[in-house]
Amino acid sequence: MSDSSSNPDYTKQGAAASGAIDRSMRAPVVLFAAAGVFWLLVGTLLALITSFKLHTPGFLGNWEWLTYGRVRPAYTTVFLYGWATNAGLAVGFWIMARLSRNVLQRGTILNTAAVFWNVGVLVGVAGIFFGDLTAREWLEMPGYAAPILMFAYVLIALWVVLTFQYRNSKYTYVSQWYLLAALFWFPAIFGTAQLMAVYAPARGVLQEVVGWWFAHNLYALWLTPIGLASVYYLLPKILGKPVHSYYLTSVAFWSYLVFAGWAGMHYLAGGPVPAWIISAGVTGALLVLFPVFIIGINHHRAMAGSFGMLRTSPALRFTYFAAVAFTTVSVVAAIAAFRGVKEIVHFTYFTDGLMQWGVYAWFTMAMFGALYYLLPRVLQRAWPSPTLISLHFWTSAAGIGLYVFAMCVGGWIQGLQMNNPEAYPEFVDITRNTLPWLVMASLGGLLLFVAHVAFAIHCLWLLLRPETAENRSMLTAEPKTMKVAAK
Amino acid sequence: MSDQKKRNPEDGGGSVDPEAASDESLQEVHASLMRKREEKSEGFPIMPIMIVFFFSALMLVGGIYMANFGGRFDPMVFDETKGPLAAPDEEDPEELDVVALGSRVYQQNCQACHQADGQGVPGAFPPLVETEWVTGSEERLVRVVLHGLQGPIEVRGEEYSGVMAPFGHLSDQNVAAVLTYIRQEWGNDASEVSEETVAEIRREVGSRGAWTAEELEPYTD
Amino acid sequence: MNRLLVIVIGILLTIAFCWTGIVFSSYVQLGGLEHYEDEATGEFYPPPRAGIAQRGQKVYQELGCVYCHSQQVRRPGYGSDQDRDWGERQSVSRDYIGDRTILLGVRRIGPDLMTVGERQTSRDWYHRHLYDPRINTEGSAMPSYRFLYEERRIEGEPSGRALDLPEGHRPSDGYEIVPTSRAEALVEYLLSLRLDYDLPEVPTE
């Protein structure tokens, strides 16, 4: 398929038009996105059960497979490997194809990968319910699910590298770097963790060091680079103006990769590991603020003066919410990593609040934004209901806000009480004092449930909607050329 | 604006995000922005200076943090504010502060009876100050500490009939340190007791019960 | 930054840097940690766990206990672990080398369990607690693990292993609650969680 004759601007032979790329990417993108949305619904349901169980321990308590210690890891796994990774891959593939100006080649690779990845997740989640969980945070899937996931991943990596290598664009863009970074970091951390924490567990606390190194980096060097790729791509495209201080992006990119991987060790603060490991984690979390600062300049100063567009562009609304969440969560995480603060918040719900701040308020919102942008283009039909989009945005923004607020504040209070054995000698009282906060968090969870149901219905509606010529022309119209702001 | 229609298309209330820049131009514009930095030399670039300053400040804080709380990368350091918890196979390379060690050994082993001021408890535990028992013969003093002493004995004109427990379980170094300490503390001014002396006496005597005053008579000078 | 090779090599270098710094160097430092032999007694510390306790640890892992309970005692002055009688000394790397799976935990929705075997020594207490945590601790947020127990009709003599439950929790007359082998293994594991030995690297004061 070649539409390149229709546009004289292409500087390189073989470069495809956006519309042609979008159409060609339909099968893999819809496959990954649909799987993602399916897992999102499953995950939300499990998250709600988890959340209810915290304040009502008897809820669904008579079956072993529905006990808290099973539902919770199942929810995390579904959310991270089912929703976040599927959505991230759909978005990543699409951005990579667009920026490499390649019509989809060898789509079978991706379709096969989609099937295997999701079978792997399914096997993993089933294994957790059957009691084969590893009980290691964010790495809960039993060892036998990993080879299936790894096989799917090899296909994914192969496709991305080929697409990038045979690109038809003259220049690369920062989004492509971040996607490549995620692509290479994931197998490194996943492989190391499977080997040293699941298959042949390393000696003693070493497996905990590896486990937290993995868990943090799954967020920091797998999900976050994909989210950043999406924000870097969508912001200038929607706003029609370039990223602010773009020349700093390469500095931010490399310094992020160098520092971010170290930051996870604060999860072991005060624990039975050598002090230097924790100190290295604190230092890493602090130094990550350098790239975060630059990325913040890139995003927020590009956004300055264009806030009016938040009203008209749903994708921008989600994307910018995510960008703000990324900046804030990185700063808060750096502060919370220090031992003095950690002494209060360690072992409390604050940990969960911060995790969701990163994984949901930042990454998931970025993925929502990207999906709102790309699904109409890939499917060549417009979103049927702006109301549902608004409902989705406001319920998810309010829901995650409420959840993070409740968990962080509640967790802080819980931490102060835990450190005060004179005033709170009975441990059960401290847990009981968190109940109002947990109920508040559950309310936030309910809002998120509404948001996700609205999103899922909307996606299904979009998929079943007929493709009209009017929509097609609108969505494939070749956009304008970006102008550099005059200085 | 011509793209107004695109932002709010009238296709049954649908909603489409604007695509205000093609991918091609996105890459070209940003690539030129990346190059521009090097060309631009006039003016006062405030941003790069701020960035460098921020980076230096973070590196400084991070470096100080690692220097203070890095635990010297020792796997046995679990408390970042302290040194290694133990170095079992390592001789302390620094010069040992005998008085400090002796004082610690005294606090842990002797102070309960002989008191912090070395004055003992009249009638029960003899004083260590201004007495030949302490400042006199090393030979006798070491034997008392290693194997204990069975009363009665006379110290500074008073009679004590209690029993002093043996402290043979203390290392030669600790015994030497604590004896040096009591011989030089509280106004006492006698010679140091060396580790070798303690080791020699320990070897010579072997294991035995508590001494009595008569048995110690040969060792008084 | 327009060449695949340059970007990929750069990315691989960052991975190598971080992997060497954290994973590999802790492997060098902790991977060969050995039991400590007390020369006076010839005992090895940490003491090995009995077979049934090891099976119990598997149950602990399967039920996801780690999501609410940690297993680590922090040093005095950092947190309140020792003031809460959760241990008389800090736990260190060497305390964990005996087990195949280590679950330190990052949440304390329930109390720390590093030394629970010292604090609570009654098997009956554990069984009651797992059967229904509200029996021992009013207002506990812990789920009950009734599925680890069997309710069965008393045939002949009542079983010696049957749970001694208070009024209101007892099964109907003629029935008794007995622990399954998994419940018994789990309780043996909890009883084996102790920190009543010394290691050279732990401060004695």
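1. Basis. Residues are numbered from 1 along each chain as its sequence is written, while chains are lettered from A and ligands numbered from 1 in the order in which they are written. In this predicted model, local features need pLDDT of at least 70 and side-chain atom pairs count only at pLDDT 80 or more, whereas totals for chains, interfaces and linings use all residues.

2. Helices α6 and α7 of chain A. The axes of α6 (174-199) and α7 (206-239) of chain A come within 8 Å and cross at roughly 165°. Helices (H or I, at least four residues) and strands (E, at least two) are DSSP runs, numbered from the N terminus. Axes are lines fitted to C-alpha atoms, for helices over the stretch in contact, with angles from 0 to 180 degrees between N-to-C directions. α6(A) and α7(A) are therefore roughly antiparallel (over 145 degrees; under 35 counts as roughly parallel, 65 to 115 as roughly perpendicular and the rest as oblique). The residues of this contact divide into 22 nonpolar, 5 polar and no charged. Here Ala, Val, Leu, Ile, Met, Phe, Trp, Tyr, Cys and Pro count as nonpolar, Asp, Glu, Lys and Arg as charged, and the others, Gly among them, as polar.

3. Chains A and C. In this interface, 64 residues of chain A are in contact with 62 residues of chain C (contact: C-beta atoms, placed from the backbone, within 7 Å). On the chain A side, α6(A) gives the most, with 7 residues. By class, that side has 38 nonpolar, 17 polar and 9 charged residues.

4. The axes of α8(A) and α1 (4-30) of chain C come within 8 Å and cross at roughly 25°, which makes the two helices roughly parallel. A:Trp254, A:Leu257 and A:Val258 in α8(A) meet C:Gly10, C:Ile11, C:Thr14 and C:Phe17 in α1(C). These residues divide into 5 nonpolar, 2 polar and no charged.

5. The sheet in chain B. An open sheet of 3 strands has the order β4-β1-β5, with mixed pairing (two strands pair if DSSP finds at least two bridges between them). β4 (163-164) and β5 (211-212) of chain B stand at the edges with a single partner strand each, so one side of each has no neighbour in the sheet. β1 (149-150) of chain B and β5(B) pair in the parallel sense over 2 bridges, and B:Leu149 stands opposite B:Trp211 in β5(B).

6. Domains of chain B. The domain assignment gives domain 1 (45-83) and domain 2 (98-219), with bounds from an automatic or database assignment. Their centres, taken over C-alpha atoms, are separated by 51 Å.

Terms used:
Two residues are in contact if their C-beta atoms, placed from the backbone, lie within 7 Å.
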